[in-house]
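Take a look at the model below, and keep it open while you read.

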Amino acid sequence: MSRDVMKYVRPNILAMTPYSTARDEYKGKAGIFLDANENPYENGVNRYPDPMQAALKEQLSAIKGVAVENIFVGNGSDEAIDLCYRIFCEPRISNAVAIAPSYGMYRVAAATNDVELREVQLNEDYSLPVERLLAATDGESRLMFLCSPNNPTGNIFPREEVLELSERFDGILVVDEAYIDFADQPSLLNDLAAHPNLIVLQTLSKAWGMAGLRLGLAFASAEVMELFARVKYPYNINVTGMAAATDILAKGVDEQVAEIVAQRQRVMAELSEAECVKRVFPSEANFVLARVSDARRLYNALIDEGVIVRDRSSVKGCDECLRITIGTPEENDKMLEIVKRFK
Ligand code: PMP
(Lines give C-alpha, C1' and ligand atoms only; values in the text may rest on other atoms or scores of the structure.)
Protein backbone atom coordinates (compact mmCIF):
# COMPACT_ATOMS: atom_id res chain seq x y z
CA MET A 1 0.00 0.00 0.00
CA SER A 2 1.41 3.41 -0.79
CA ARG A 3 0.70 5.97 1.89
CA ASP A 4 2.17 9.09 3.38
CA VAL A 5 3.62 8.02 6.73
CA MET A 6 4.66 11.57 7.49
CA LYS A 7 1.06 12.26 8.48
CA TYR A 8 1.64 10.12 11.60
CA VAL A 9 4.58 12.26 12.80
CA ARG A 10 4.19 14.78 15.61
CA PRO A 11 4.20 18.30 14.14
CA ASN A 12 6.95 19.52 16.53
CA ILE A 13 9.25 16.74 15.28
CA LEU A 14 8.55 17.58 11.64
CA ALA A 15 9.28 21.24 12.36
CA MET A 16 12.41 20.91 14.49
CA THR A 17 15.96 21.63 13.42
CA PRO A 18 18.21 18.81 14.66
CA TYR A 19 21.39 19.53 16.62
CA SER A 20 24.28 19.72 14.25
CA THR A 21 27.47 18.17 15.62
CA ALA A 22 30.93 19.45 14.81
CA ARG A 23 31.58 16.26 12.83
CA ASP A 24 28.29 16.55 10.94
CA GLU A 25 29.44 19.91 9.66
CA TYR A 26 32.96 18.79 8.76
CA LYS A 27 32.89 15.81 6.43
CA GLY A 28 36.38 16.25 4.96
CA LYS A 29 39.80 14.63 5.40
CA ALA A 30 41.78 13.98 8.56
CA GLY A 31 43.49 17.03 9.97
CA ILE A 32 43.88 19.04 13.13
CA PHE A 33 40.56 18.91 14.94
CA LEU A 34 39.93 22.08 16.88
CA ASP A 35 36.16 22.01 16.30
CA ALA A 36 34.61 19.91 19.06
CA ASN A 37 36.24 21.05 22.30
CA GLU A 38 37.84 17.66 22.82
CA ASN A 39 40.99 16.92 24.80
CA PRO A 40 43.66 16.69 22.06
CA TYR A 41 45.78 13.99 23.74
CA GLU A 42 45.08 10.62 22.12
CA ASN A 43 43.98 7.80 24.43
CA GLY A 44 41.69 5.88 22.07
CA VAL A 45 38.51 7.55 23.27
CA ASN A 46 39.30 11.27 23.43
CA ARG A 47 37.43 12.00 20.16
CA TYR A 48 33.67 11.99 19.73
CA PRO A 49 32.34 8.99 17.79
CA ASP A 50 30.80 9.20 14.33
CA PRO A 51 27.25 10.40 15.11
CA MET A 52 25.83 8.41 12.18
CA GLN A 53 27.91 5.23 12.72
CA ALA A 54 28.73 5.00 9.01
CA ALA A 55 31.27 2.16 9.22
CA LEU A 56 29.12 0.02 11.51
CA LYS A 57 26.09 0.57 9.29
CA GLU A 58 28.08 -0.51 6.19
CA GLN A 59 28.89 -3.75 7.93
CA LEU A 60 25.29 -4.26 9.07
CA SER A 61 24.07 -3.41 5.58
CA ALA A 62 26.13 -6.26 4.12
CA ILE A 63 24.96 -8.72 6.79
CA LYS A 64 21.28 -7.78 6.68
CA GLY A 65 20.92 -6.98 2.98
CA VAL A 66 19.42 -3.59 3.83
CA ALA A 67 20.69 -0.23 2.53
CA VAL A 68 22.54 2.02 5.01
CA GLU A 69 19.83 4.68 4.69
CA ASN A 70 17.30 2.19 6.05
CA ILE A 71 19.26 1.42 9.25
CA PHE A 72 19.24 3.06 12.69
CA VAL A 73 21.61 1.99 15.47
CA GLY A 74 20.50 2.75 19.03
CA ASN A 75 21.53 2.26 22.64
CA GLY A 76 19.77 -1.10 22.67
CA SER A 77 16.45 -1.58 20.89
CA ASP A 78 15.02 0.04 23.99
CA GLU A 79 16.21 3.36 22.55
CA ALA A 80 14.38 2.64 19.29
CA ILE A 81 11.18 1.76 21.18
CA ASP A 82 11.34 5.05 23.06
CA LEU A 83 12.04 6.99 19.85
CA CYS A 84 8.92 5.51 18.23
CA TYR A 85 6.82 7.12 20.96
CA ARG A 86 8.73 10.40 20.89
CA ILE A 87 8.44 10.73 17.12
CA PHE A 88 4.88 9.57 16.52
CA CYS A 89 2.87 10.01 19.73
CA GLU A 90 1.45 13.23 21.09
CA PRO A 91 1.50 12.85 24.89
CA ARG A 92 -2.01 12.48 26.38
CA ILE A 93 -3.60 12.51 22.91
CA SER A 94 -2.19 9.65 20.85
CA ASN A 95 -2.41 6.03 21.89
CA ALA A 96 -0.51 2.87 21.05
CA VAL A 97 -1.63 -0.75 20.85
CA ALA A 98 0.44 -3.80 21.79
CA ILE A 99 -0.07 -7.51 22.21
CA ALA A 100 -0.04 -9.01 25.71
CA PRO A 101 1.74 -10.81 27.19
CA SER A 102 4.80 -9.31 25.56
CA TYR A 103 8.00 -7.39 26.19
CA GLY A 104 7.60 -4.91 29.06
CA MET A 105 9.35 -1.92 27.52
CA TYR A 106 6.46 -1.09 25.18
CA ARG A 107 4.49 -0.30 28.35
CA VAL A 108 7.32 1.46 30.20
CA ALA A 109 8.15 3.68 27.22
CA ALA A 110 4.43 4.49 26.79
CA ALA A 111 4.28 5.54 30.44
CA THR A 112 7.41 7.72 30.30
CA ASN A 113 6.04 9.43 27.21
CA ASP A 114 2.59 9.86 28.79
CA VAL A 115 0.91 7.85 26.04
CA GLU A 116 -1.94 5.44 26.61
CA LEU A 117 -1.03 1.84 25.76
CA ARG A 118 -3.90 -0.46 24.86
CA GLU A 119 -2.86 -4.03 25.50
CA VAL A 120 -4.67 -6.74 23.59
CA GLN A 121 -4.45 -10.22 25.04
CA LEU A 122 -3.19 -12.89 22.64
CA ASN A 123 -5.56 -15.75 21.90
CA GLU A 124 -5.45 -18.65 24.36
CA ASP A 125 -2.97 -20.51 22.12
CA TYR A 126 -0.85 -17.32 21.87
CA SER A 127 -1.88 -16.75 18.24
CA LEU A 128 -2.36 -13.23 16.92
CA PRO A 129 -5.80 -11.67 17.52
CA VAL A 130 -5.78 -9.68 14.26
CA GLU A 131 -9.36 -8.44 14.45
CA ARG A 132 -9.20 -7.57 18.16
CA LEU A 133 -5.95 -5.61 17.62
CA LEU A 134 -7.58 -3.55 14.88
CA ALA A 135 -10.72 -3.10 16.98
CA ALA A 136 -8.58 -1.62 19.78
CA THR A 137 -7.37 1.19 17.50
CA ASP A 138 -9.07 4.51 16.84
CA GLY A 139 -8.23 7.73 15.02
CA GLU A 140 -5.55 8.59 17.62
CA SER A 141 -3.68 5.27 17.39
CA ARG A 142 -0.21 5.96 16.05
CA LEU A 143 1.75 2.82 16.94
CA MET A 144 1.09 -0.90 17.11
CA PHE A 145 3.74 -3.15 18.69
CA LEU A 146 4.10 -6.81 17.79
CA CYS A 147 6.96 -8.92 19.06
CA SER A 148 7.73 -11.89 16.82
CA PRO A 149 9.06 -14.31 18.01
CA ASN A 150 7.22 -13.06 21.05
CA ASN A 151 8.77 -12.66 24.49
CA PRO A 152 7.79 -14.48 26.75
CA THR A 153 5.62 -16.91 24.75
CA GLY A 154 8.34 -17.84 22.21
CA ASN A 155 6.07 -18.23 19.17
CA ILE A 156 6.45 -16.40 15.88
CA PHE A 157 3.42 -14.94 14.07
CA PRO A 158 2.70 -15.83 10.44
CA ARG A 159 4.10 -13.28 8.01
CA GLU A 160 0.75 -12.91 6.19
CA GLU A 161 -1.03 -11.93 9.41
CA VAL A 162 1.60 -9.36 10.34
CA LEU A 163 1.52 -7.86 6.86
CA GLU A 164 -2.27 -7.82 6.94
CA LEU A 165 -2.03 -5.68 10.08
CA SER A 166 0.43 -3.38 8.34
CA GLU A 167 -2.04 -2.97 5.46
CA ARG A 168 -5.11 -2.44 7.60
CA PHE A 169 -3.69 -0.39 10.51
CA ASP A 170 -3.79 3.33 9.86
CA GLY A 171 -0.57 4.03 11.79
CA ILE A 172 2.97 2.71 12.26
CA LEU A 173 3.41 -1.03 12.81
CA VAL A 174 6.52 -1.86 14.87
CA VAL A 175 7.60 -5.49 14.65
CA ASP A 176 10.20 -6.38 17.26
CA GLU A 177 12.34 -9.20 15.87
CA ALA A 178 14.82 -9.37 18.77
CA TYR A 179 14.79 -13.19 18.54
CA ILE A 180 14.47 -13.63 14.76
CA ASP A 181 17.93 -15.20 14.35
CA PHE A 182 16.71 -18.26 16.26
CA ALA A 183 13.57 -18.69 14.13
CA ASP A 184 12.84 -20.87 11.11
CA GLN A 185 10.82 -18.15 9.45
CA PRO A 186 12.65 -15.27 7.72
CA SER A 187 12.66 -11.68 8.96
CA LEU A 188 10.27 -9.05 7.59
CA LEU A 189 13.21 -6.95 6.40
CA ASN A 190 12.40 -7.84 2.81
CA ASP A 191 8.88 -6.48 3.25
CA LEU A 192 9.95 -2.97 4.28
CA ALA A 193 9.97 -1.56 0.76
CA ALA A 194 6.35 -2.55 0.13
CA HIS A 195 5.19 -1.47 3.61
CA PRO A 196 6.17 2.14 4.32
CA ASN A 197 4.42 2.13 7.71
CA LEU A 198 6.54 -0.80 8.95
CA ILE A 199 9.45 -0.49 11.40
CA VAL A 200 11.41 -3.66 12.14
CA LEU A 201 13.44 -3.79 15.35
CA GLN A 202 16.32 -6.16 15.86
CA THR A 203 19.20 -6.24 18.31
CA LEU A 204 22.80 -7.34 18.69
CA SER A 205 22.00 -8.36 22.28
CA LYS A 206 20.64 -11.85 21.67
CA ALA A 207 21.99 -14.09 18.88
CA TRP A 208 24.95 -11.80 18.30
CA GLY A 209 26.01 -12.03 21.95
CA MET A 210 26.53 -8.32 22.58
CA ALA A 211 24.00 -7.53 25.32
CA GLY A 212 26.71 -5.71 27.24
CA LEU A 213 27.41 -3.31 24.37
CA ARG A 214 23.82 -2.02 24.11
CA LEU A 215 23.38 -2.02 20.36
CA GLY A 216 19.84 -2.19 19.02
CA LEU A 217 18.74 -1.81 15.43
CA ALA A 218 15.76 -0.35 13.68
CA PHE A 219 15.01 -0.73 9.98
CA ALA A 220 12.49 1.36 8.06
CA SER A 221 12.06 3.67 5.08
CA ALA A 222 14.75 6.34 4.63
CA GLU A 223 12.30 9.06 5.64
CA VAL A 224 11.43 7.33 8.92
CA MET A 225 15.13 6.68 9.62
CA GLU A 226 15.83 10.36 9.06
CA LEU A 227 13.33 11.14 11.83
CA PHE A 228 15.13 8.72 14.16
CA ALA A 229 18.46 10.43 13.38
CA ARG A 230 16.89 13.79 14.09
CA VAL A 231 15.50 12.92 17.52
CA LYS A 232 18.22 10.63 18.94
CA TYR A 233 21.04 12.00 21.09
CA PRO A 234 23.79 13.10 18.71
CA TYR A 235 26.46 10.62 19.87
CA ASN A 236 24.24 7.75 20.98
CA ILE A 237 26.78 4.99 20.25
CA ASN A 238 30.24 5.13 21.80
CA VAL A 239 33.63 4.45 20.21
CA THR A 240 34.45 1.36 22.28
CA GLY A 241 31.09 -0.25 21.64
CA MET A 242 31.36 0.26 17.90
CA ALA A 243 34.88 -1.17 17.78
CA ALA A 244 33.89 -4.26 19.76
CA ALA A 245 30.81 -4.80 17.59
CA THR A 246 32.85 -4.56 14.40
CA ASP A 247 35.06 -7.45 15.54
CA ILE A 248 32.20 -9.72 16.57
CA LEU A 249 30.19 -8.97 13.43
CA ALA A 250 33.23 -9.84 11.31
CA LYS A 251 33.71 -13.19 13.10
CA GLY A 252 30.04 -14.20 12.88
CA VAL A 253 27.91 -16.27 15.26
CA ASP A 254 26.39 -18.94 13.00
CA GLU A 255 27.81 -21.87 14.97
CA GLN A 256 26.70 -20.49 18.32
CA VAL A 257 23.19 -19.85 17.04
CA ALA A 258 22.97 -23.37 15.57
CA GLU A 259 24.11 -24.80 18.92
CA ILE A 260 21.55 -22.73 20.84
CA VAL A 261 18.75 -23.85 18.50
CA ALA A 262 19.83 -27.49 18.86
CA GLN A 263 19.92 -27.12 22.65
CA ARG A 264 16.48 -25.51 22.57
CA GLN A 265 15.05 -28.59 20.84
CA ARG A 266 16.71 -30.83 23.39
CA VAL A 267 15.58 -28.72 26.37
CA MET A 268 12.00 -28.67 25.06
CA ALA A 269 11.97 -32.44 24.61
CA GLU A 270 13.48 -33.17 28.02
CA LEU A 271 11.31 -30.66 29.86
CA SER A 272 8.20 -32.23 28.33
CA GLU A 273 9.12 -35.49 30.03
CA ALA A 274 9.61 -34.02 33.50
CA GLU A 275 6.86 -34.90 35.96
CA CYS A 276 6.29 -31.31 37.17
CA VAL A 277 6.02 -29.89 33.63
CA LYS A 278 2.47 -29.61 32.33
CA ARG A 279 3.20 -27.98 29.01
CA VAL A 280 6.13 -26.69 26.99
CA PHE A 281 5.10 -24.03 24.51
CA PRO A 282 6.64 -24.11 21.02
CA SER A 283 9.56 -21.72 20.77
CA GLU A 284 11.36 -20.01 17.90
CA ALA A 285 13.55 -18.02 20.31
CA ASN A 286 16.49 -18.69 22.65
CA PHE A 287 14.20 -19.43 25.57
CA VAL A 288 11.28 -21.70 26.31
CA LEU A 289 8.12 -21.05 28.26
CA ALA A 290 7.01 -23.99 30.38
CA ARG A 291 3.86 -24.39 32.45
CA VAL A 292 4.63 -26.33 35.60
CA SER A 293 2.73 -27.64 38.60
CA ASP A 294 3.98 -24.97 41.02
CA ALA A 295 5.99 -22.23 39.32
CA ARG A 296 6.99 -20.31 42.43
CA ARG A 297 8.21 -23.39 44.27
CA LEU A 298 10.19 -24.68 41.26
CA TYR A 299 11.64 -21.21 40.71
CA ASN A 300 12.89 -21.18 44.30
CA ALA A 301 14.18 -24.76 44.07
CA LEU A 302 16.23 -23.76 41.03
CA ILE A 303 17.57 -20.69 42.81
CA ASP A 304 18.57 -22.82 45.81
CA GLU A 305 20.90 -24.66 43.47
CA GLY A 306 22.18 -21.52 41.76
CA VAL A 307 20.03 -21.61 38.61
CA ILE A 308 18.11 -18.43 37.90
CA VAL A 309 15.19 -18.47 35.47
CA ARG A 310 12.36 -15.99 34.97
CA ASP A 311 9.13 -16.49 36.88
CA ARG A 312 6.35 -15.27 34.59
CA SER A 313 3.53 -16.82 36.62
CA SER A 314 2.07 -13.46 37.64
CA VAL A 315 1.71 -12.36 34.00
CA LYS A 316 -1.81 -12.69 32.62
CA GLY A 317 -1.91 -15.61 30.19
CA CYS A 318 1.23 -17.18 31.69
CA ASP A 319 -0.15 -18.79 34.87
CA GLU A 320 2.34 -21.17 36.47
CA CYS A 321 4.85 -20.44 33.72
CA LEU A 322 8.62 -20.14 33.92
CA ARG A 323 10.66 -18.69 31.07
CA ILE A 324 13.95 -20.49 30.74
CA THR A 325 16.79 -19.14 28.62
CA ILE A 326 18.85 -21.69 26.70
CA GLY A 327 22.35 -21.82 28.13
CA THR A 328 25.42 -23.89 27.34
CA PRO A 329 24.89 -27.68 27.21
CA GLU A 330 26.33 -27.99 30.74
CA GLU A 331 24.10 -25.23 32.10
CA ASN A 332 21.08 -26.85 30.49
CA ASP A 333 22.08 -30.23 31.99
CA LYS A 334 22.08 -28.74 35.46
CA MET A 335 18.73 -26.98 35.00
CA LEU A 336 17.10 -30.11 33.54
CA GLU A 337 18.43 -32.31 36.30
CA ILE A 338 16.83 -30.09 38.97
CA VAL A 339 13.51 -29.86 37.10
CA LYS A 340 13.39 -33.64 36.59
CA ARG A 341 13.84 -34.44 40.26
CA PHE A 342 11.46 -31.71 41.50
CA LYS A 343 8.43 -33.13 43.32
N1 PMP B 1 12.85 -6.63 22.45
C2 PMP B 1 12.60 -7.77 23.08
C3 PMP B 1 11.45 -8.58 22.63
C4 PMP B 1 13.38 -8.18 24.15
O5 PMP B 1 13.09 -9.33 24.78
C6 PMP B 1 14.47 -7.39 24.56
C7 PMP B 1 15.37 -7.72 25.72
N8 PMP B 1 14.97 -8.62 26.63
C9 PMP B 1 14.70 -6.21 23.88
C10 PMP B 1 13.89 -5.86 22.82
C11 PMP B 1 15.78 -5.26 24.30
O12 PMP B 1 16.89 -5.46 23.55
P13 PMP B 1 18.14 -4.48 23.67
O14 PMP B 1 19.13 -5.22 24.48
O15 PMP B 1 18.54 -4.31 22.23
O16 PMP B 1 17.69 -3.20 24.29
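## Who sits around the ligand

There are 13 residues around the ligand, and Ser 77, Asp 176, Tyr 179, Thr 203 and Ser 205 come nearest. A residue counts as near if one of its heavy atoms lies within 4 Å of the molecule. The shell splits into 4 nonpolar, 5 polar and 4 charged residues; Asp, Glu, Lys and Arg count as charged, Ala, Val, Leu, Ile, Met, Phe, Trp, Tyr, Cys and Pro as nonpolar, and the others, Gly among them, as polar.

This is a predicted model: local features need pLDDT of at least 70, side-chain atom pairs count only at pLDDT 80 or more, and totals for chains, interfaces and linings use all residues. Residues are numbered from 1 along each chain as its sequence is written, and side-chain values use heavy atoms, with hydrogens and water left out.

Which distances separate polar side-chain atoms from ligand oxygens? For Thr 203 it's 2.5 Å, and for Tyr 179 it's 2.8 Å. An N or O atom in the side chain of Asn 151 is also 2.8 Å from a ligand oxygen. On its own the ligand has 390 Å² of accessible area, and the protein covers 91% of that (Shrake-Rupley method, 1.4 Å probe).

## The cysteines

How many disulfides does the structure hold? The count is 0, where a disulfide means two cysteine sulfur atoms within 2.5 Å. The sulfur of Cys 318 has its closest cysteine sulfur in Cys 321, and at 5.2 Å that's too far for a bond. Cys 318 is buried, at 0% relative accessible area, and Cys 321 counts as buried at 0% too (buried means under 20%, exposed over 50%, partly exposed in between, with a 1.4 Å probe and protein chains only).

Methods
Polar contact = N/O pair within 3.5 Å; in protein donor to acceptor, adjacent residues only side chain to side chain.
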